[in-house]
Amino acid sequence: MLALIDSNNFYVSAERVFQPELRGRAGCVLSNNDGCAISRSNEAKEELGIEMGTPYFAMREQQQSGVLWWRSSNYTLYQDMMRRITSIVRKTFPDQEIYSIDECFCDLQGYQYHDLQQLALDLRAKILQYTGVPVCIGIGPTKTLAKLANKLAKKHHKDTGVLVLEEPAQIQDALKLTEIDDVWGIGPRYAIKLIKVGVHNAYDFIGLPEDFVLKLMTIQGRRTYRELHGHRCIPMEYDRPDKEGISTARSFGTMETELAPMEEALATYVANAALKLRAQNSVSARMFVFCHTSRFAVVKDLYSAGLDVQMDSPLLMIPLCSSKKLSLHFEKFTEKVHATEK
Amino acid sequence: MKEILIYERGKGGGTLIPLFAEKIHAGFESPAADYEEARIDLNDYVTKYPEATFFAKVTGECMVGSGIFPDDLLVVDKSLTPASGDIVVGIIDNEFILRSYFRKGQQEYLMPDNPYFKPIERNESTHFEIWGVLPHSILDQRRRNGARINRFEQLLR
């Protein structure tokens, strides 16, 4: 069996630990440069209908009238809280894969004679007391089923925050309760395709012939299919494999129309990416630089540009950012922005 | 003004500080010969469960009777269950406060250790919760020099 431990609205929960006045009220944490909502409290989701990625200006009125609070993201704090949570989890379930800042998978091999439900309940209570952050725990025979159990625990078992899928009947019920687009590994495009052929929930999906799934959704879809059938196809990854692509992208805090600040930002982001590259002892043969206007600009003013920089030999990414080619490119961009302003 | 500010605990593996092998008494005592074996990490000494340990600073004077003065560094452990008499970080009206948890029969109180402050009794209109327990506080002794000198002058008068 595998467990997925996932913090509820992690950034919002972390802020609430140190600012009790934020509890019980609709609120969200904003992305870098305060662009949009990236973590929302349940009240913000349910009462105000704030979505992931809702831009700050669409929420400004609510924030000013006091029905909504927001905070800039504080990654130092989130990283610290994450370290505490994963460390507490490891003391109960030592075989751990840290999947993201707020999720970890644990292999429960060797726990077959334990009451998993009770262990998970105790662990959840311990994390809540020791750190103040609420988590949900889903347990199932595969990663995809553990993920599915976790989602259902968040939705239907709010009081306990734990769901264990062990018996075939339990798994069947859980599959029926899970909409097809809520299945881990099935993206929105495949979900539309599947709905077209009459597959609405995960249970419909596992009833399809395997060949059909392979043909419709390639090997990835088949992997999800087999995982839902209880066959482990996605292994635990105890050491993160090196990243094959590194991306550093931010939106500007205010509208930029000049070349100089763009170049400055570009230099900073390339330096950041290079730092990550060197940290994993990799080299790079290619760099892609892009910029675009705000997604919320008027349609006729939308503009985006990208430049693919091939390097003759793999490099550790020494400051390429000041190269003339890039400057010219961005000059074009700013000209375009100026033109649309007039 | 906030009564308490809460900080994160630093990473482990800090500097080890030599520990006197013998306890220091008020008088003079010859220190033990070999210091090398006995070393102490202050982080470890004050921390039972690093995952649940936070540092805080107090701004108020409500616990001076327990030797906690404004700006002192506090160690807060969220893993401990409060026992009667423990110093705790509590939350009342969405604000952090520093008091002592005191139970008398069925009644629960958050008590200040300073006669100028009022006790808080848990009842229908007053709710408080306990955020963490204070196993240690770090008193800056040199900042207390003035108060000590005053006491000595009174004594010698």
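In what order do the strands of the open sheet of three strands in chain A lie? In this predicted model, the order is β3-β2-β4, and the pairing is mixed. The edge strands are β3 and β4 (69-72) of chain A, each of which pairs on one side only. From one strand to the next, the twist averages 30°.

Strands β2 (residues 27-30) and β3 (residues 37-40) of chain A pair in the antiparallel sense. Most residues other than glycine have a negative phi.

A second open sheet of chain A holds five strands. Their order is β5-β6-β1-β7-β8, again with mixed pairing. Strands β5 (96-100) and β8 (162-164) of chain A stand at the edges. Each has a single partner strand, so one side of each is left without a neighbour in the sheet. Neighbouring strands of this sheet are turned by 15° against each other on average, direction ignored.

Strand β7 (residues 135-140) of chain A runs parallel to β8(A), and three bridges join the two. A:G138 has A:L163 of β8(A) as its bridge partner. Helix α6 (residues 143-156) of chain A packs on this sheet. The helix touches β1 (2-7), β5, β6 (103-107), β7 and β8 of chain A. The direction of α6 makes about 140° with that of β7(A). In general, strands of a sheet pair through backbone hydrogen bonds, either parallel or antiparallel.

At the level of the whole chain, the secondary structure of chain A comes to twelve helices and ten strands. The C-alpha atoms of chain A fill a box of roughly 65 × 50 × 45 Å along the principal axes. Of the 342 residues in chain A, 44% are buried. Among contacts in chain A with a separation of 6 or more, 61% link residues 24 or more positions apart. The accessible surface of chain A comes to about 18,600 Å². Carbon and sulfur atoms account for 53% of that surface. Chain A carries 41 positive and 42 negative charges, and their mean positions are 2 Å apart.

Individual residues follow. A:V309 lies in strand β10 (residues 304-315) of chain A. Is A:V309 buried or exposed? Its relative accessible area is 15%, under the 20% limit, so A:V309 counts as buried. A:V309 and A:T268 are 41 residues apart along the chain, and their C-alpha atoms are separated by 17 Å.

Two further residues have a positive phi. A:T218 has a phi of about 55° although it is not a glycine. A:T218 is placed in helix α10 (residues 210-228) of chain A. With a relative accessible area of 41%, A:T218 is partly exposed. In chain B, phi of B:D71 is near 80°, a positive value in a residue other than glycine. B:D71 lies in the loop between β4 (53-58) and β5 (73-77) of chain B. B:D71 counts as partly exposed, at 42% relative accessibility.

Definitions and conventions:
Residues are numbered from 1 along each chain as its sequence is written. Chains are lettered from A and ligands numbered from 1 in the order in which they are written. This is a predicted model: local features need pLDDT of at least 70, side-chain atom pairs count only at pLDDT 80 or more; totals for chains, interfaces and linings use all residues. Side-chain values use heavy atoms; hydrogens and water are left out. Helices (H or I, at least four residues) and strands (E, at least two) are DSSP runs, numbered from the N terminus. Buried means under 20% relative accessible area, exposed over 50%, partly exposed in between (1.4 Å probe, protein chains only). Contact means heavy atoms within 4.5 Å. Accessible areas come from the Shrake-Rupley method with a 1.4 Å probe; for residues, only the protein chains shown count as cover. Lys and Arg count as positive and Asp and Glu as negative; His and the chain ends are not counted. The place of a charge is taken as NZ of Lys, CZ of Arg, CG of Asp or CD of Glu. Two strands pair if DSSP finds at least two bridges between them. Axes are lines fitted to C-alpha atoms, for helices over the stretch in contact, and angles run from 0 to 180 degrees between N-to-C directions.
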